[in-house]
Amino acid sequence: MSKTTPDFNDPINLQVMWNRLIFIADQADNALGRTAFSPIVRENHDYVTVLMDSRGRALAQCTWSIPVFISSLPAAAQQYFLQKFPADTLEEGDVLATNDPEIGTGHLPDVTMITPIFKNGKVVAYAGSIAHLPDIGGRPLHSEASDIFEEGIRFPILKLHKAGVPNQDVLDIIAASVRMPTEVLGDLESMVAANGVMARELVKFLDEYGLDEVDGLADAIQSRSEAQFRKAIRAWPNGTFGAEVLLDGYGADVKLKVAVIVKDDSIHVDYAGTSDQIADSSINCRTNYRYAHSVYALKCLLDPDTPNNEGCITPITDEAPKGSILNPESWAAGNSRNVIGHVIPSLIFKALEGVVPDKVIGDSGGAPIWATNCVGQHDDGTQYSAVQNYHGGQGGRAEFDGLDTLSFPSNCKVTAIEMFEMAVPVLIERKELMADSGGAGKHRGGLGQRAVLRNLGKSPMRIYLATERVRHPCFGVVGGESGTPGKVLKNGEVHSPKGKAVLETGDRLQVETPGGGGWGQAHERSADLIVQDLVDGLITPEAAKKHYGYTGPAAMAAE
Amino acid sequence: MAKLAFDTGGTFTDFALLDDNGDLHLHKVLSTPKNPAEAVVQGVTELLEQFGQSISLENLQVLGATTVVTNAVLERKGVETGFITTDGFRDMLRIRNEGRYDLYDLNIKYPDPLVSRANSFGVGERIAASGDVITELKEETVREIAGKLKDKGIRSVAVCLLHAYKYPQHEQRVAALLREEDPDIFVSLSSEVCPEVREFDRASTTVVNAYTRPQMSGHVAHLQREFSKKGIDRQVLWMTSSGGLVPSRRAAELPVRLIESGPAAGAVAAAEFGRIAGEGSVLSFDMGGTTAKLCLIPHGEPTIGTELEVAHYQRFRKGSGFPLKIQSIQMIEIGAGGGSIAAKNPLGLLDVGPRSAGALPGPAAYQRGGTEPTVTDADILLGYMGVESFVGGSFKVSKDAARTAIEQLANDLGVSVERCAWGIHDLVNESMSKAAAMHATDLGVDPRSLPMVAFGGAGPVHAYGIARKLGIKRIICPTGAGVTSAIGLLIAPVAVDLSASHPMAIDGWDMDVMNQVLDDLAVQGSEVVSAGGVSRDTITNRYTVDMRHIGQGYEIIVQLPDRSLPKAEFLKQLLDNFYKLYRELFGRTVAAPVEVITWRLRASGEKDQVTRPHHTDVAEALKGHREVFFHELGANVATPVYDHYRLPVDEPIQGPAIVEQRESTAVVGPSGTAHVDTNGNLVINIL
């Protein structure tokens, strides 16, 4: 290998070295996923690994991610970790961590961990990871809590390891406060190991290329990405583009209002006019969670291909009024902040439908995830607790219909029915697409699904629900129509979409997830697509007639 | 016993014949994609004409690897298929697992299910997770569907009922009822194709089987008839994705198991070449025109995994295809080969792939319409591949055309042509080495400790650069590197992999139930393997189990101890095996209860050997010199070019050097020395 310092502006060098940094983050991702114990980390991949430069700026991130993680680690590092623990207070083997929602990702179960990487006795970079622990004490994860103190324990930024020695007092307190200490401590250990992988591999990489620091390389990556991002913004017209949406909220409607302000090569997102925070529900969405979703939506539209790093983040700023549901007071409950936060990308797409009509998509039924957390006792008296997610249809797109039943904007796979029925004494009686649920349009929204759960156990099953869009369906864009709203029924009767549903033996809970909103005017939909939908039974002949004015022969045949 | 192997590939159908005297003959004919059997019959005819006198036909065993199944799925040329599942779940194939394979791309798509929604049906029945029947099968609903299938002219059906891996009787009854209505219908049952828990994966696997079955049945029957005409009466044995051979009948019933037939044969060959070179574990590297396959072979045995994916909507994007739950040799496929196109990305950086020029239009140097620069063009321009000796000189290529294509890109990037060509070559090496490192560490192995077995048209060209990146010290380029998979067929044992999902916690262990599950598997295994010509008493049964901590989501595959041990000792050994592997993979163990999810059997005959002493020729091995670029030297240097087949055994060649075979070229860089070993393999050692 060459020992002269490589030229970071050489298009081939940079690509090779950049790929390698992403690979290092992916290796750490692999280590974390395989050693983690809890299903939420392994199955849903609710974690992230990020390499940061010596200033805490994002350099490379593991390929797999969910939106909340794209900006939260570097923000936490720059604004909090490096403030509290500057480089000269750190030594090799230190591991810093916190679960403070203000610093991390907006809810207590997520732990943010940062490990300094040393070369020649100097901090040259930071390895960071965030993972969603299976428990953090307090109430089980759902949407009802009055303040953050009901939601679990909180530890400030501290040295979880000091010079390689675990801080046993802190670990003991955590273990004593959570329901599943083995899994929780195991997952923390996995994060330490993953950060260790990044540290080891980065030093190896620096040795190989004869480098003493990463900041020069970081500058090259970040400035190139930032220039690309800003170039994409400049292609948009200057202006203020607004939208608002009503959500079911908790008890009363919640309004989210946005103004996307495009000015030359940067974008500011302002949520003025958004509803106040809610006192008795944990759907308040903190700044860092909101900001991540603002950035995510814009990156999808402006530069979906560049691997995420600081350069993709800096051109975007956002704000929301203090005390609003998107910038709540520090004591507000926020465990289920995704119920509100997941809708942000759809809202921003709506605001920009006149600017980039071919890029935005209709509102998605996966915003938010519909979570059912089933808790109770098996017939033999042992405890069960397992979450199953259900997703609605993706919004219609300029070129294609929305995909049916898709996790968007989040990205969580669901558990197989056969596996879920082994974990929980439940019978899933059906899980099927709902014809006509996708909003009409030139390209219609994806379909929602209907699932029916029956309690097979002898004791009651408590199902904690965090669902939305029951009164306010997913809207269309560029003239597309709304999808059908969601629905929760218990034994055929309408049930509250948030909070607890108790199923006695044989009782049934039915969930119907929302259909995605359409893209473009329904009358522009091609007859071929209408016929195909009729043949596939994805729309009924009545709907074909009502929304598309279609009464052609295939509709007759399908009847 | 004489053996004749054929491997149907995208461009060529390769042959390897081992005659009664133990001599090996290699052959290659152009593939006939419309009817792959034509090329097979042609090649067999040609080989028999030439070497017929040294073969007794009545004992000749024909062996096959095929792309028929893969291509039917990739090109969506299977038959119109029906799908039957439990009522309420007919949308399973469309709903998938609800995740996305790309976070930022709002326009992702998945391949359309192989069965349309209109051809998907639910039958009234339900089985619980325990295996108890909750709702009896409503036979009238099956008869009604059978009628509809008949009206639609559907000849092949996949049946996947919930929890059928645990209680297959409902599926079996559905099959019987369907056959009552239409005796000729092909019925694929999930409880037979893939008796494992997780409904979407099982259904997806069963559907691929049903979709390709009539075609594969036809192919098998056709070849069997053609061979019969030549006096070859033995059942053809076919390579499965797990590296074992199965008789024609089983291949025709379970074509999904053949989906990675050719690559599996390549891995079997690489394992053997590593063994005869005296190596323990090797990294197999097979690089062709559109893809490369990397396979870690620990201790001479490829690792068998249970997860596979085909027909990716976005090339090689994990999660964008159809999942298959079948036993297959664990390897990774990288979307880069000789035909991969190099281009400037929006950030102004060089990208190679995933777009490929394929065989048509092909690399610019082929002058068959391709104008975009490819990896092959870069390799030609750098001097790694010669223009005169391409595929033995039978194929005309142009270095000027390669240069023109790369010049354009170099100008766009603002770098010199040499820099650009080297960049393409090096970037491909970089992605291969990263993939190899990931694959090896996935399996808990340090890739630096492994020798590499390199084959395929482009494998030996790139092996040196990749080995240097990985820190690999030794490369083995086998003879016949262009037909390695066919050679693998000669070596592979008759073997079948069977499985049954039947969860059992260590705390509630029942030896009797276990023995019944395993005995059932053994009876099935013996039937298949003996049909492949292996006598029942020489069959080796190897049992493994998929285990995990209760509450976890995925399992690790653990060796089952001797089942004649007393229960306490048996369980102790089983847990020891589990914890040992768990620690190896994850660096730690956890104090939580453990369970078995799936039971597995590999029933197998013996592996064969193909050793061929290298015949050195007295003729001069040096063919001449050409200008070749080496990054380590920072320049083009006049480099000697040798003929692999004429090199004397053990005579050292100092790099830089080029060693050519008919279908591939090995690059020996400045830090390497090379020699041909007694088996005729080129061994490159790197300082």
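This briefing walks through the main features of a two-chain model, topic by topic. The model is predicted, so keep in mind that local features need pLDDT of at least 70 and side-chain atom pairs count only at pLDDT 80 or more, while totals for chains, interfaces and linings use all residues. Residues are numbered from 1 along each chain as its sequence is written, and chains are lettered from A and ligands numbered from 1 in the order in which they are written. Helices (H or I, at least four residues) and strands (E, at least two) are DSSP runs, numbered from the N terminus.

**The core**

- The largest nonpolar core contains 362 residues. A nonpolar core here is a set of buried Ala, Val, Leu, Ile, Met, Phe, Trp, Tyr and Cys residues joined through C-beta atoms within 7 Å.
- A residue is buried if 20 or more other C-beta atoms lie within 10 Å of its own, exposed if 12 or fewer, and partly exposed in between, with C-beta atoms placed from the backbone.
- Among the residues with the most contacts inside this core are Leu51(A), Met198(A), Val159(B) and Leu489(B).
- Helix 1 (residues 11-35) of chain A gives the core its largest share, 12 residues.
- Leaving aside neighbours within four places in sequence, Leu489(B) is in contact (C-beta atoms, placed from the backbone, within 7 Å) with residues including Ala5(B), Leu63(B) and Met239(B).

**Where the chains meet**

- On one side 51 residues of chain B take part, in contact with 56 residues of chain A.
- Helix 3 (92-95), helix 7 (199-229), helix 12 (417-442) and helix 16 (567-586) of chain B each supply at least two residues of the side of chain B that touches chain A.
- Helix 12 of chain B makes the largest share of that side, with seven residues.
- By type, the chain B side splits into 25 nonpolar, 11 polar and 15 charged residues. For this count, Ala, Val, Leu, Ile, Met, Phe, Trp, Tyr, Cys and Pro are nonpolar, Asp, Glu, Lys and Arg are charged, and the others, Gly among them, are polar.

**Two loop residues**

- His299(B) sits in the loop between strand 14 (292-297) and strand 15 (304-305) of chain B. His299(B) counts as exposed because it has 11 C-beta neighbours inside 10 Å.
- Gly280(B) is 19 residues from His299(B) in sequence, with the two C-alpha atoms 4.7 Å apart in space. Beyond its neighbours within four places in sequence, His299(B) is in contact with Gly280(B) and Ser281(B).
- Asn99(A) belongs to the loop between strand 3 (95-98) and strand 4 (110-119) of chain A. Asn99(A) is buried because 24 other C-beta atoms lie within 10 Å.
- Once neighbours within four places in sequence are set aside, the contacts of Asn99(A) include Gly104(A), Ile136(A) and Phe155(A).

**A helix with a buried face**

- In helix 11 (residues 527-536) of chain A, the buried residues are Ile530(A), Asp533(A) and Leu534(A).
- Looking down the axis of helix 11 of chain A, these buried residues fall within an arc of 100 degrees, so they line one face of the helix. The arc is that of the directions from the helix axis to the C-beta atoms.

**Sheets in chain B**

- Four strands of chain B make an open, antiparallel sheet in the order 24-27-25-26. Two strands pair if DSSP finds at least two bridges between them.
- Strand 24 (495-505) and strand 26 (556-559) of chain B are at the edges with a single partner strand each, so one side of each has no neighbour in the sheet.
- Strand 25 (residues 540-549) of chain B is joined to strand 26 of chain B by four bridges, and Met547(B) stands opposite Ile556(B) in strand 26 of chain B.
- Another open sheet has eight strands in the order 19-14-13-22-23-34-33-30 (chain B), with mixed pairing. Its edge strands are strand 19 (332-334) and strand 30 (653-654) of chain B.
- Strand 33 (residues 672-676) and strand 34 of chain B run antiparallel and share five bridges. In their hairpin, with five residues between the strands, Gly680(B) has a positive phi near 90 degrees.

How values were computed:
Two residues are in contact if their C-beta atoms, placed from the backbone, lie within 7 Å.
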